[in-house]
Amino acid sequence: MQNVFYSLRELDKRAEEDFNLKNGILMENAARGSAEKIKNLFPLKKEDAKKTIQIVCGSGDNGGDGLALARILADDFNLHVIILKEPKSELCKLQYERLKTLNIRTAKNILPESDILFDAFLGTGLKGLLKAEDKKTIEKINKVKAFKIACDIPSGLNLDGEASPNAVLCNMTFSMGALKQAFYSDEAKDITGKIEVIDLGLPRSSYEQNEKSNVFLLEKEDMLLPSRKKQNTHKGSFGHAGIIIGGKNGAALLAASAALEFGAGLVTLVGKNRERPKNLKADFMYDGKFEAGKFNVKKFTSIAIGQGLGRKNDELFSILKVKETQSMPMVIDADIFYYDELKKILPKLSAAVLTPHPKEFSSLLNIAGLENLSIEEIQKKRFISALSFSKKFPKLVLVLKGANTLIAHNGKIFINTLGSPSLSKAGSGDVLTGLICSLLAQGYKPLDAAITGSLAHSLASQNSRASYSLTASKLIKNLEKLEEEQFKESKARQVK
């Protein structure tokens, strides 16, 4: 995983002072790193004509980055350097003077088409809403036919990850030195494109050192899939997951299927109906002897409750009131987040993973006595709200679903960006519940189960060419491909 920072200003300041990189050296290194990346993306072949790059520069240091880049790329591309505002910052003025000494012309018009457009217009200093003229400039940039690259951050996107009210829609963003939190708001996912970190002439570990981060970007390597290496085992060796069936059987059945597919030794569905549901596969056990206040949790190593429960199923909700239940590993999802009594139960839970989507999280925050926010407000304050919840309930693990899933625990946030739009389908959340419940049953700690379950869920969505046609059942089948990849990688390591 990688560190993510709200702002890089302190890191820049410390790099200048501690490593003697003052007087624009960081800007020069940023421009040099950007130039190398661009030349690798668009290699110049002898038989081809030079590609055209237009560089849109503002008046601050972001504009200075663009002007420095123009100087470095002068021999490799046809340059069209656009200066929309008179340079104001000292470094931007300096880079402009250097450009003039090389007789590199500048212009004020944005071309309707080019091979590349480098957005060095506004940068990270944006506060509040865009000025009318800046908004028009961004609208012009977005109409340009080109491969668009943002310098440090797409113009119009602020440090909270909000477009104000619009932003340059980029194919790629070059982040100077380290990663910024703004890139990982749900809104930013359609703005930044692929994110690349440009080094500033010193090791990234040195640039980031001494600046503590409580936000981290998850990577595929952070997924620790279940592994069965020991031969002398039985089904009890891999846990017993209990999936609570509510008013809608389908949600619980999907969760149970995912739990079994992901390695739980035994999966039992628990409900109020004495008769076994007709559509229940033989793969699952069924317990229809549930009685309020007499739920026997001792036979399970984890449970999942909430999916398809209904909002007035007080009898099944009472499972959470049982003292023995409150200390066991569990996943809480969906309708549970609308029960007012949850407020009394949350502080008593010691190994629970909560998996709300934004609407459910809105209700959860209200019930927990934290905030009364609309869905729109939550989407703008995802990091703040998730962090606030994790600090009030440090034993709980929150998995806030979205375009980028946020996993919050005890004042830290872990970002999963690997999900795809194909997961926007009924039932995919129930699959996630089953995956996490399965890992809890197998002995994973709640945070580890949430991280691995979330990553597996996302990567399984990528293991398919399906986009709009991916269903929850197909998603479960795709888990087998993750295991196949794990097997191949294990074999490759053994050969080495």
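## Residue I407

At 0% relative accessibility, I407 counts as buried, a class that requires under 20% relative accessible area with a 1.4 Å probe and protein chains only. The model is predicted, so local features need pLDDT of at least 70 and side-chain atom pairs count only at pLDDT 80 or more, whereas totals for chains, interfaces and linings use all residues. Residues are numbered from 1 along each chain as its sequence is written, and side-chain values use heavy atoms, with hydrogens and water left out.

I407 lies in strand β18 (residues 405-409), strands being DSSP runs of E with at least two residues and helices runs of H or I with at least four, numbered from the N terminus. Beyond its neighbours within four places in sequence, I407 is in contact (heavy atoms within 4.5 Å) with residues including L218, V397, F414 and I451. The C-alpha atoms of I407 and V397, 10 residues apart along the chain, are separated by 7.0 Å.

## The open sheet

Seven strands form an open sheet with parallel pairing, in the order β4-β3-β2-β5-β6-β7-β9; two strands pair if DSSP finds at least two bridges between them. The edges are held by β4 (106-107) and β9 (194-198), each with a single partner strand, so one side of each is left without a neighbour in the sheet.

Within this sheet, five bridges join the parallel strands β2 (residues 52-57) and β5 (residues 113-120), and C57 stands opposite A120 in β5.

How values were computed: Buried < 20%, exposed > 50% of the residue type's maximum accessible area, 1.4 Å probe, protein only.
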